[in-house]
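Me: I have not seen this structure before. Please show it and take me through a few points.

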Amino acid sequence: MRAPGSGPGCGQGRDAVRLIGPIGTTASKQPPPARPVTANYPVTNSPVVPLATRRQIGRALLRWYKEHQRDLPWRKSGDPYAVWVSEIMLQQTRVESVREYYRRWMLAFPSLDLLAAASEQDVLRRWQGLGYYSRARNLHRAAQMVVAEWGGKLPKLPKELQRLPGIGPYSAGAIASIAFRQDVPIVDGNVVRVLCRLFALDTDPTRAPLKNTLWEIAESLIVKGQAGAFNQALMELGALVCTPQKPRCSDCPLSRVCEAHRLNRTASLPALPKAAAVTRVRNIAVVATRRSRVLVVQRPQDARRWPSMWEFPNMDVLTKTQIPSTINKLLAPLGLEIQDRKALMSFHHAVTRYRIEVEAFAATKISGKLRPRSAARWVHPDDLEELPMPAAQRRIARALEKSDL
Ligand code: SF4
């Protein structure tokens with residue numbers, strides 16, 4: 001947080017501005033703002049926006065948000081726990097995908113105390129399909145910390161919230177402003193896009209100095225006492241109107257002050273770095289059955305991806321020609337050998353920049369005995385639903401329900 005009475009957020013500093021783009025050329029002779037003292041995010045000696053423009057943006061945006069905001073379940077609740085869960089789920093995930101997960105999560109863990117008391121396997125199982133499982137683990141660990149250190153109540157200040165696992169500057173700002181009415185900013189992907197276009201900021205927003213400057217601009221725009229609504233309005237505008245492709249400038253409440261719109265530069269802003277190239281991967285999985293049970297393996301606790309989750313034995317291969325030898329090798333570490341097999345299913349699956357072609361085989365005849373103390377287990381297919389599994393593995397498990405294995 002900025003210290004009271006210092007920096008561009010207070011007193012003279014707030015209205016004495018250096019200007020971004022031509023919106024406020026009249027203010028360019030004003031003295032530069034005093035340097036802020038402290039903040040929850042990196043601070044630069046950045047330009048801020050003239051008071052009249054800020055007021056215009058605030059009024060227009062709040063009016064628009066009142067009329068156009070989506071009816072989302074977490075917006076109906078002022079419960080800080082509900083706000084926190086929704087904000088973590090919404091990271092990297094589209095609103096429409098989150099709705100159902102959020103509903104199910106709140107039924108399973110309606111309060112922070114119940115989440116803290118749940119087992120990690122149960123938490124992962126409720127999260128499965130949403131991806132980025134570290135978010136679920138962090139929510140769980142953070143809930144336990146809040147119970148142990150804060151008496152079960154989420155702290156209110158961003159710097160306190162950021163001590164909890166999985167809560168960075170964005171989530172801290174969201175929880176503090178929406179749930180606790182603190183006048184603090186949020187900068188997520190939608191806000192980055194809107195601000196870069198609004199002020200025609202054409203350097204890379206993922207790096208300093210612009211990355212830090214955007215936080216200061218976002219803070220300078222906040223309508224005092226209404227930061228929660230204002231922050232959500234800015235994000236909602238980015239999600240519904242100022243979209244990555246073909247922004248609907250004619251419907252935008254900010255079009256009269258928008259530099260990208262005036263300069264016809266909406267297509268080239270924000271100046272994001274090129275996305276990482278897609279990597280194609282082929283993954284081979286084996287479903288081994290014995291006495292109406294299927295073989296699943298638990299991933300190590302320290303695995304880089306999907307730690308502690310369950311899966312069918314599987315391995316990535318570089319070429320199709322490696323498939324037969326890979327299948328034969330897959331069960332060997334568990335003390336089993338595949339005698340016969342048949343193709344079960346194949347499908348494509350995307351995880352971040354990876355495009356994975358999954359080929360699953362049914363091992364119809366196996367020999368040997370499962371090594372004791374291996375991380376594998378024979379389970380009844382009906383019990384697979386109880387185990388947390390990564391999305392591709394769950395897809396295979398669901399296919400088993402319809403197969404005659
Ligand atoms: S006018 Fe267009 S580019 Fe500017 S903020 Fe609105 S939608 Fe985005």
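Predicted model: local features only at pLDDT ≥ 70, side-chain atom pairs only at ≥ 80, totals over all residues.

Me: How many helices and strands does the protein have?
Reply: Helices (H or I, at least four residues) and strands (E, at least two) are DSSP runs, numbered from the N terminus. By that count the protein has 15 helices and 7 strands.

Me: What percentage of the residues is buried?
Reply: A residue is buried if 20 or more other C-beta atoms, placed from the backbone, lie within 10 Å of its own, exposed if 12 or fewer, and partly exposed in between. Of the 405 residues in the protein, the buried share is 38%.

Me: Is L195 buried or exposed?
Reply: L195 lies in helix α10. Its contacts beyond four places in sequence are L201, L214, I217 and A218, where contact means C-beta atoms, placed from the backbone, within 7 Å. Because 26 other C-beta atoms lie within 10 Å of L195, this residue is buried.

Me: How is α10 oriented to α12, roughly perpendicular or roughly parallel?
Reply: Axes are lines fitted to C-alpha atoms, for helices over the stretch in contact, and angles run from 0 to 180 degrees between N-to-C directions. Under 35 degrees counts as roughly parallel, over 145 as roughly antiparallel, 65 to 115 as roughly perpendicular and the rest as oblique. Helix α10 (residues 189-198) and helix α12 (residues 227-240) have axes 8 Å apart, at an angle of about 85°. That makes α10 to α12 roughly perpendicular.

Me: What residues of α12 does α9 meet?
Reply: The axes of α9 (residues 169-180) and α12 cross at roughly 130° and come within 7 Å, which makes α9 oblique to α12. From α9, the residues A174, S177 and I178 take part, and they meet A227, G228, N231 and Q232 in α12.

Me: Which residue does a cis peptide bond join to L269?
Reply: The omega angle of this cis bond is about 0°. The bond joins L269 to P270.

Me: Is C249 exposed or partly exposed?
Reply: C249 is found in the loop between α12 and α13 (259-262). Beyond four places in sequence, C249 touches S255, H261 and T266. Because C249 has 17 C-beta neighbours inside 10 Å, it counts as partly exposed.

Me: What is phi of K246?
Reply: K246 is in the loop between α12 and α13. With 8 C-beta neighbours inside 10 Å, K246 counts as exposed. Phi is positive here, in a residue other than glycine, and its value is near 45°.

Note on methods. Residues numbered from 1 in each chain as written. Contact = placed C-beta atoms within 7 Å.
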